[in-house]
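This report describes how some strands pair with one another. Look at the structure first, then read on.

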Amino acid sequence: MRDINETSATLALGDLTITSLSDGHLQIPSDYFLNTQPHEREAVTPTTRIGANTWLIETKNRNVLVDAGSGSCLKERFPETGRLNWQDSDLELKRSTITDIVITHMHADHIGGLSANGNSLFPNAEIHIQAREWAFWTDPQLLSSAEDPQKPMIGLIQALAEPLKNQLTQHSGDVDLGNGIGLLLAQGHTPGHQVVHLASGREDCLLLADAVVSDKLQFSNPDITYALDSNPADAVRTRRTLFDKIASDRITFGATHVNTTAFATLTRREKGYAFEPL
């Protein structure tokens with residue numbers, strides 16, 4: 001299955017094989033990053049490139065996809081997204097072998113690749129999501145009560161969610177999925193944002209999803225927030241907790257929006273951290 005995407009990196013972790021799969025990249029305006037210092041703002045002006053990574057976890061009897069990219073739903077605004085192209089008919093056999101899908105959160109760049117034309121692309125998969133995440137985004141009152149600039153994003157998320165509803169297993173907080181795969185509630189970016197903790201033998205790996213959005217800014221200054229964070233203070237606390245654990249325990253990690261598919265670790269540097277690819 002590792003031929004799905006030519007820009008990938010693979011990590012052997014005990015009995016697990018984790019492959020990072022790039023869905024392309026996005027150019028994000030500097031105004032999306034808040035509470036920055038002048039030199040930090042300059043580094044991402046006028047826009048900054050962020051990656052769009054997803055992951056495939058292979059065990060002896062399961063193929064677990066963590067997020068699925070954006071499909072075609074963001075191409076008009078972000079033309080370099082959707083490179084995984086899960087809707088391609090040539091990938092039907094590969095899609096059918098996916099046993100589980102972890103949705104880290106419900107932003108369109110993470111769930112857009114799960115469906116096409118109102119149908120699930122992974123009908124054989126059990127989809128794992130935090131109950132509070134699903135409840136927040138699918139609330140019928142959310143769209144009607146939202147401010148006008150937010151309505152297109154919410155409407156898109158709700159449309160993308162509809163074909164998935166009969167495949168869901170909703171979790172409340174941290175959960176063990178078996179085979180060394182765990183989910184950790186890591187809220188702040190969204191109400192039910194979760195990260196993936198992998199453990200096999202004496203080795204660990206964390207898949208951080210959007211606990212970090214900008215590798216240019218948030219490793220060196222974890223206190224910088226992002227315009228789409230639902231609770232910026234919680235997002236900062238989550239990021240600092242995860243970064244501290246990674247640096248203290250020398251844990252390998254991946255993240256959605258770093259500009260590489262490579263796995264990495266962190267070391268402390270001044271008031272922040274330095275990103276060190278493996």
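Strand S11 (residues 175-178) pairs with strand S12 (residues 181-185) in the antiparallel sense over 3 bridges. Strands here are DSSP runs (E, at least two residues), numbered from the N terminus, and two strands pair if DSSP finds at least two bridges between them. Glycine 178 has isoleucine 181 in S12 as its bridge partner. The hairpin of S11 and S12 has 2 residues between the strands, and asparagine 179 takes a positive phi near 60° there.

S12 is also joined to strand S13 (residues 194-200) by 5 bridges, and these two run antiparallel. Isoleucine 181 has leucine 198 as its bridge partner in S13.

## Basis of the model

The model is predicted: local features need pLDDT of at least 70, side-chain atom pairs count only at pLDDT 80 or more, and totals for chains, interfaces and linings use all residues. Residues are numbered from 1 along each chain as its sequence is written, and side-chain values use heavy atoms, with hydrogens and water left out.

Of the 12 residues in strand S4 (residues 47-58), 10 are buried, meaning under 20% relative accessible area (1.4 Å probe, protein chains only).

Strand S2 (residues 16-29) pairs with S4 in the antiparallel sense over 11 bridges. In S4, isoleucine 57 is the bridge partner of isoleucine 18.

S4 also pairs with strand S5 (residues 63-66), again in the antiparallel sense, over 4 bridges. Leucine 56 has leucine 65 in S5 as its bridge partner. A hairpin of 4 residues joins S4 to S5.

Methods: Buried means under 20% relative accessible area, exposed over 50%, partly exposed in between (1.4 Å probe, protein chains only).
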